[in-house]
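Welcome, and take a moment to look over the structure shown here. The report below goes through a few of its parts, one at a time.

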Amino acid sequence: MVLESRGPTKHNAMMGKRVPHPPSTKFHDDILPPAKRLKTFESTDGEDSRDASGDDNVPRSPKGFRDEIPDSDDGDGSGVDEPSILKRPTELESALPPVKTDKEAIDEYEAMRAAEDVPEDLKSRLTQRTWIKGKSSIYVDAFNLALETVLEDEAHLFDEKEMEVFNQWRQLDYEAQYLYVRLFLRKTSAWHRINRLGYYSDIADLPEAANILQSDRALPESSAAVQVNPAELAPPEGTLLESQFRFADCSDGTITSLEEASSLLNLEEVKGLAKEAKVQGKNKSGILRALLNMSQRQSGLGWVGLRRSDSQGSVASETGEKEDDADDSMSDMNRDGHFLRKILATTGACIRLSLPTLKLFERVHLVFYRSTEWTDKSLTTIILARISRRNFPDYIVSRSQNIFPSRADLLEFEAALRTQFRVDNILELNGNPSKDGLNVVLAIFDEVYPRWKILLEEEQRKEDRIYESGEGAYLRRFSPAWVYTRVIHKGTYVLGRLKMHEREHAVTSELLNQHLFHAARRGAWYQRKALLEEHYMHALRPPPGVSNLEQQKKHWKRISLQTCEAGLQDKDCHTIYHYDLQKRIRKLEKGLKIPKREQHDFGHVLLAKPIEVTVEGIQVKKEHLLSRRPSAQGEEKQRSTKTIWVDEAEGGGECSVEAMCLSDYRSRGFKGYHAEGGIVRTLFAYLFYDVLFVYIPNVFQTAYQTCPLDLHTDAFFPSRASEINHRLVEIENGAAADIIRAVDAREREKRTCAIGLNWDFELHDLLEIVSCFDGQALATVCKVMAEEYRVRGGGMPDLFLWDVAKKQVVFSEVKSENDRLSDTQRLWIHVLTGAGIRVELCNALAKEVRVVSAG
C-alpha cells in the first residue's frame, strides 16, 4: 500500500473534556509501576522477594466480553437482568472525551446526511460520513474497511476455508451484516433473545436476518495443515472451521442445559419459574442456584405431586405446554427437560455468534490494528474515529506487509498469547499459586523452551542481515519469541519457587545473553543472577579442586560481583536497577574483604534524598459496625488502605491526604495539581509533539494511533536522536513556551488525542509552569522521558507545584503513616534533584483524630 498523508479535517472539532488515560496496555500514557511496594510472594531466601507479575507493558490475553454501543432502537439486549459490572475501559475508549452518547452521535450524523445520495464505494461513505438507515451503516462500513484493508495486502495470512468465509460474508445482504456486526460489539459469548434485539430501524425482518446468519454453508478443503504449537496440542475446542460453517448459532437444539437456558431470563421471569418450582432465593443468582440444586436432586414421578394444578385438573399453563407436561409427568426423567422447554418457550428463538467465525474476524482485527490487545474495542475505535468522536494526530500511515511473514507465524503468535494467558492465570490472577499450579507452569516452560531457542537464532539472523538499524525493535514485538521470552521469564520464577536454582541460573544467563527481547527486564535478571551466585551456586556447582566451603563461597561471590558490574555497564539495564546492584556490590566487596582503595565508589551517583517537610491536619477515621458476613474482614482491610482528612482550607469537607497537603501548599502561595506525573507527561507531549509524529518506517500502521508504536521500546530514542537532541537544545535555550503555544493553537480546538496530552490543563497554567522551570532542568526531565517513556510513566511525586513570584517549581511526594518510597519514586527524586529541581517529602501528621460512624 502506498504511503498516504492523513490530516485532520477542519470541521471535525471535538467537544467536551478529555478523560485522563487509565493504566492499560500498549499505546497509553499511564503505564504506571506501583506507587508503593507491592506485597510479594514468599521469597526463596531471606533476601530476594520477587513478585510474579511482569511489567505493565506486556500483551494481555482477551477477556470473554465486549462492550456494546446501543442502537437507536436497542432495548435491553438479551433481556438478562444482570448485576452492574464495572468494565475496564481500553486505552482507546478511555481517551475519548465525554461528549454525546453513541446513539445520539450516530442519530445526528445520519439525520444530517439522510437527504444525500449514498455513494456505493465503502471508503467514500466513510470519508464523506454519509449513511442512510436501512441502506448503509457506519458499523458495517467500518467492519468491512478493516476486512478489506487486511485482505488487500495480507491475504496470504488466510487459507482457502477462511477466504471462502470472507467471500460468503461479502454476499450477505445489508441487514444480515448489520445484525452480525452489532452482535460482534456485544457480549459475544452470550446468547441473545432475537425478539429483544430491537434493531428495527435498520433491519426490517429481524428473524429472517437471523436465519440467514444461522444457515449452514459449505467450505472447501484447506491446503493448510492443522498447526501444533508449543504447550498447545491443538487450537481451543470449537475454534476450527470444519467442512461447514455458520455465522451464528441457533438456540434450537444447541441450548441443552437448564443452567445455560436460565441465564437468558430476567429477574421477574426467574421469580415466576421459582414460584412454580417452589424454591426461594434472595436474588436472581440465588434463585437459579436453588432451582439447579433442586433439579439435580429430584426426578421422575417424585415431583408430579408437588403441582397443585395437576391434582386439580387445571387448565393449560401459560406457556401452552399441557401435553408436554403430561408426557413429562409420566416419564422417569430429570425435571430439567420440563423447565428447559418452559424457558425456551418464554425466551423465543435466540442467537449467538459462532465461535470459529468469531475468532476468524477477531484475527482480522488483530492484523488490522497490529495490536496485542486481541479484540477489545477494535471495531469501536474505527466507529468513534470516523464519526468525529476522536481526532488523531497528523502523520503518514505506512502499513508494512512483513509484520507476520506467514499464516503459521500469525497462528503461532496467537497460540503464544493463549499460552501466556494460562501462565498469568496461574501465577497472577488467582492469588499465591499452589504446588500443582507451579508444576503446570513448569511443564509449559519445558515445552516452550526448545522453540524459544530456535526462534532466538532466527531473530538474531534477521537482526544481523535484514533489519536496518533499529527497525527490528518494533517488528519483534509481533514475533512469538517476544511472548515466549516472557513465558521463560515467568518460568525462572517457578524454578526459584521449586528451589531448582542451578537450572534457574542457567536459564537466567541465557536470557541475559540475548539482547533482542524484553530489554527492560535485564536489570531484574542481573539482580536475580547475582543473588543466586552469592547464596546458592557454591553448593550446587563448587569450583573444581576447591574443597574448603568458605573458598567455594568466595569464588561464587566474586562471580556475583562480576555480574553486578556487568549490569551497571549494560546500556540496556535501566537506571532504576543500578541502586540495588550498587548496594550488592558494596555488600560483596565488604564480605570479600577487598581493600578500600580497590572498592567501587558510588558517591557520585548516590540517590539524592528529598527535603522532608511536615503538614499537620485532622484525620477522620470511620467506625464500621462489625458484620457476621465472612467477607466483612476482607472489606475492612480494603477500607483501611486510604486515609481520610479534613480540608480545613476549603470549607472543612472530607478529602484525601494529597488534597489536604495541596491546600496547605496553596495557603503558602503555591499553585499546583495532584497530578502524579500528568503535568510532566502533558509537557512532554506538547514539547515533543512534532518529534512523536515524525515519519519513521513501520511505526504508524493505522490511522487511529495516539503515539508511534515504538515509543515504549528501546528503538524510540536512537531512531530520532537528531530530532530529539535538537528539541532539547531549543528547550534549554528557553523556547518551551513558544513550542507549547504553537501546538496548542493548532490542536486544542480539535482536542487531538495524543499520548500523555491532557487538555484539561489550561494553557495559561502550562505557560506559567515553563516560565518557572529552568530550561536545562526541563530539558533533563524531557530527555529522561524520551529515553525510557514506558518505565518513567510512574513513580513521579504526587503533587506538582509552582510559585510564579519566586519562579520556582516544586515536586512533593505525600506520605501518611507507614508509607515508604518505592524504587521508582526514589529514582525520580534522584533525577529531579540532579536537575536542580526542589523535591519535598511531605509527611502528613494527624494533630487530631475524629472517629465518626460510617453508617
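## Terms and origin

A residue counts as buried under 20% relative accessible area, exposed over 50%, and partly exposed in between, using a 1.4 Å probe and protein chains only. By that scale R751 is buried, with a relative accessible area of 11%.

This is a predicted model, in which local features need pLDDT of at least 70, side-chain atom pairs count only at pLDDT 80 or more, and totals for chains, interfaces and linings use all residues. Residues are numbered from 1 along each chain as its sequence is written, and side-chain values use heavy atoms, with hydrogens and water left out.

## A seven-stranded sheet

Let us begin with strands. Helices (H or I, at least four residues) and strands (E, at least two) are DSSP runs numbered from the N terminus, and two strands pair if DSSP finds at least two bridges between them. Seven strands make an open sheet with mixed pairing, in the order β10-β9-β8-β14-β13-β12-β11. At the edges stand β10 (653-655) and β11 (671-674); each has a single partner strand, so one side of each is left without a neighbour in the sheet. From one strand to the next, the twist averages 35°.

Within this sheet, β8 (residues 611-623) and β9 (residues 644-647) run antiparallel and are joined by two bridges. Here V620 stands opposite I644 in β9.

Another open sheet has three strands in the order β2-β6-β5, with antiparallel pairing. Its edges are β2 (192-193) and β5 (248-250), each with a single partner strand, so one side of each has no neighbour in the sheet.

Two bridges link β2 to β6 (residues 350-353), and these strands run antiparallel. H192 stands opposite I351 in β6. Helix α6 (residues 174-184) lies across β2 and β6, running at about 70° to β6. For such angles, axes are lines fitted to C-alpha atoms, for helices over the stretch in contact, and angles run from 0 to 180 degrees between N-to-C directions.

## Two helices side by side

Two packed helices are described by the angle between their axes and the distance between the axes. The axes of α19 (residues 480-497) and α20 (residues 501-513) come within 9 Å and cross at roughly 155°.

Which residues of α19 and α20 make the contact? On α19 they are T485, I488, H489, T492, L495 and G496, and on α20 they are H501, R503, E504, V507, T508 and L511. Contact here means heavy atoms within 4.5 Å.

## Residues in the loops

E676 has a phi near 50°, a positive value in a residue other than glycine. Its place is in the loop between β11 and α27 (678-687), and E676 is partly exposed, with a relative accessible area of 36%. R751 also is not a glycine and has a positive phi of about 50°. The loop holding R751 lies between α31 (736-747) and α32 (763-772).

G281 sits in the loop between α9 (267-277) and α10 (284-297). At 37% relative accessibility, G281 counts as partly exposed. Leaving aside neighbours within four places in sequence, G281 is in contact with G286 and I287. Between the C-alpha atoms of G281 and K271, ten residues apart along the chain, the separation is 9.1 Å.
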